[in-house]
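Colleague: Can we go through this one together? I'd like to begin with how the strands pair up.

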Amino acid sequence: MQLIDMIPFFQKKKDHFSPAWIRKSAAIFSALMIMFMNTLIGAATAENSLGSSVTEHKTVTLACNPFPAAMIADNNIMPGFDVEILRAAFATRNITLLTPFYPWKRAYFLASAGHVDGLCSCSYLPERNVDFLFSDVLGNVQVAFYSTHEHLFDLIDKEDASKMTIGVVNGYSLETFARNDKFDVVIANSEKMLVNLLISNRIDAALSFSVPMDYYLLNGDEDGTPDADKIKTKVIDRNPYYSCISRKTKKPDILLNQLNMGLKTIRQSGLYDSILAKYQTRLDTSEALQE
């Protein structure tokens, strides 16, 4: 084909590149590019969101209170089965758990104010919903009356409660229970003080969680072992307890989810039971109260 023959062909095709065609094509191209960029941005946002849910918390601090053998202060080898369970659960999520110890009321204040990420463990009370999110059940603990006069156990349900003097550790949810039942309540600052009140006959009975009370009766402390043979026990209930995440910590719902996934993992792997076996403890989690 000679050059002269190509001119009519070029002139016909040239109409396709008119200003109107160019404007229309540019508009279509721009729309396609906007759709493409939105898709990329959406994917990146979703990926970042997913990643943040996994790595949002690298280190978590839960305030513990002395509650042996569940939480044992100043013992790196045997810190307590609750402490080991929580550390193991968070470790499955690549989160390091710090567990400083405080008296119960101090621990509660720090957690509710958001100065730490939560409490190692606590019982559920409706009024605590304002400050905390509750994990899946860690286990349950028995509640029992203790007395040097065993016959009093049969009288507790029969006598006017106001005639009975009951000792309770300060801050435990059992204090609320005792006051609601109209007992004359004497507050102690520890299980050791409860035992001293019992031995000295200054209270009729003590209402306590079995885990710390039995631990003290069996092991004593630096002052020696109490005369436990004089103290009788009547178990009255078994209550679930939880780890409590402060609503004022960073993204508490994500942290709670990470903990619950970790608890599920260590239960399925058998690690949960092996930790309890180490402490010669078995927590029934089928129903799954502490503070």
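Modeller: Two strands pair if DSSP finds at least two bridges between them, a strand being a DSSP run of E with at least two residues and a helix one of H or I with at least four, numbered from the N terminus. This is a predicted model, where local features need pLDDT of at least 70, side-chain atom pairs count only at pLDDT 80 or more, and totals for chains, interfaces and linings use all residues. Residues are numbered from 1 along each chain as its sequence is written, and side-chain values use heavy atoms, without hydrogens and water.

Colleague: How many residues of β3 are buried?

Modeller: Five of its five residues are buried, so β3 is mostly covered (buried means under 20% relative accessible area with a 1.4 Å probe, protein chains only).

Colleague: Switching to α4, which of its residues are buried?

Modeller: W104, A107, Y108, L110, A111 and S112 are the buried residues of α4. Their cover includes β1 (59–63), β3 (118–122), β4 (132–147) and β8 (232–246), where contact means heavy atoms within 4.5 Å.

Colleague: What follows α4?

Modeller: G114 follows α4, and the phi of G114 is positive, near 85 degrees.

Notes: Buried < 20%, exposed > 50% of the residue type's maximum accessible area, 1.4 Å probe, protein only.
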